[in-house]
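Biologist: I have a new model to read. Please show me how to go about it.

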Amino acid sequence: MSFGEYVTSRWDTISLAAAEHALAVAIAIALATVIGVGAGIIGHHSPRVREMSIAAAAAILTVPSLALLTLLIPLTGLGWKSTLLALTVYALLPIIRNTVTGLSGLDAATVEAGRGMGLTRTRLLLKVQLPLAWPLILTGIRVSTQMVIGIAAIAAFVDGPGLGNQIFEGLSRLGSVNSLNATLAGTLGIVVIAVLFDLFFSAVRHLTTPRGLRVRP
């Protein structure tokens with residue numbers, strides 16, 4: 001059976017796995033963005049919190065994904081919960097670091113002008129600081145997304161969702177009929193998801209960032 005015939009015959013299974021893969025990544029990135037931007041805002045005002053949050057996120061990133069997923073089984077079991085928790089913590093470092101860097105790198109005169117207009121600390125953050133730091137924050141989110149798309153494939157080892165199941169199904173019976181097709185379908189599917197996410201964030205960057213503030217990841 002050719003690769004095209006394999007994909008056609010297994011389209012329902014492959015498309016469902018791809019949708020689950022993308023959904024798991026999207027949920028994890030949404031959670032990581034809320035946590036990471038929040039930690040970055042707090043860390044911007046508190047050097048101790050900044051150092052602790054970045055150090056903790058960096059330490060987690062050094063743990064092999066298979067080891068972390070295995071360690072989570074007694075706590076969150078198999079499947080979605082362990083997958084989402086692992087992906088979320090892996091995505092934190094670029095988001096926290098870019099949020100802190102973006103807020104710390106703002107022009108002091110611009111921030112002082114906002115204070116001079118009578119803006120409260122919260123309104124200054126929402127109206128001036130976050131919008132100006134947004135391009136760099138979005139870059140961190142974009143980098144985290146590309147990173148966890150690949151890590152999400154490892155979740156198949158703990159019965160997680162996504163295209164990793166296709167890859168490991170093929171690898172587990174390598175040499176048999178359609179084993180290479182299964183592995184290739186899962187791998188190419190992940191590449192397609194990565195490209196689609198990157199196009200999405202590119203569109204978001206163009207729609208939400210003034211031309212003069214746009215940065216490339």
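The dialogue below takes a helix, a charged pair and a surface patch in turn.

Modeller: This is a predicted model, where local features need pLDDT of at least 70, side-chain atom pairs count only at pLDDT 80 or more, and totals for chains, interfaces and linings use all residues. Residues are numbered from 1 along each chain as its sequence is written, and side-chain values use heavy atoms, with hydrogens and water left out.

Biologist: Where does α7 bend?

Modeller: Helices are DSSP runs (H or I, at least four residues), numbered from the N terminus. A bend is the angle between axes fitted to the seven residues ending at a residue and the seven starting there. Helix α7 bends by about 55 degrees at W134. A proline, P135, follows within four residues.

Biologist: How many salt bridges does the structure hold?

Modeller: Side chains of opposite charge can pair when their charged atoms come close. A salt bridge needs a side-chain nitrogen of Lys or Arg within 4 Å of a carboxyl oxygen of Asp or Glu. The structure holds one. D198 meets R142 at 2.8 Å, N to O. D198 lies in helix α9 and R142 in helix α7, so the pair ties together parts 56 residues apart in sequence.

Biologist: Is R142 buried or exposed?

Modeller: Buried means under 20% relative accessible area, exposed over 50%, partly exposed in between (1.4 Å probe, protein chains only). R142 is buried, at 8%. D198 is partly exposed, at 28%.

Biologist: Which helix gives the most to the nonpolar patch?

Modeller: Helix α2, with five residues.

Conventions
Helices (H or I, at least four residues) and strands (E, at least two) are DSSP runs, numbered from the N terminus.
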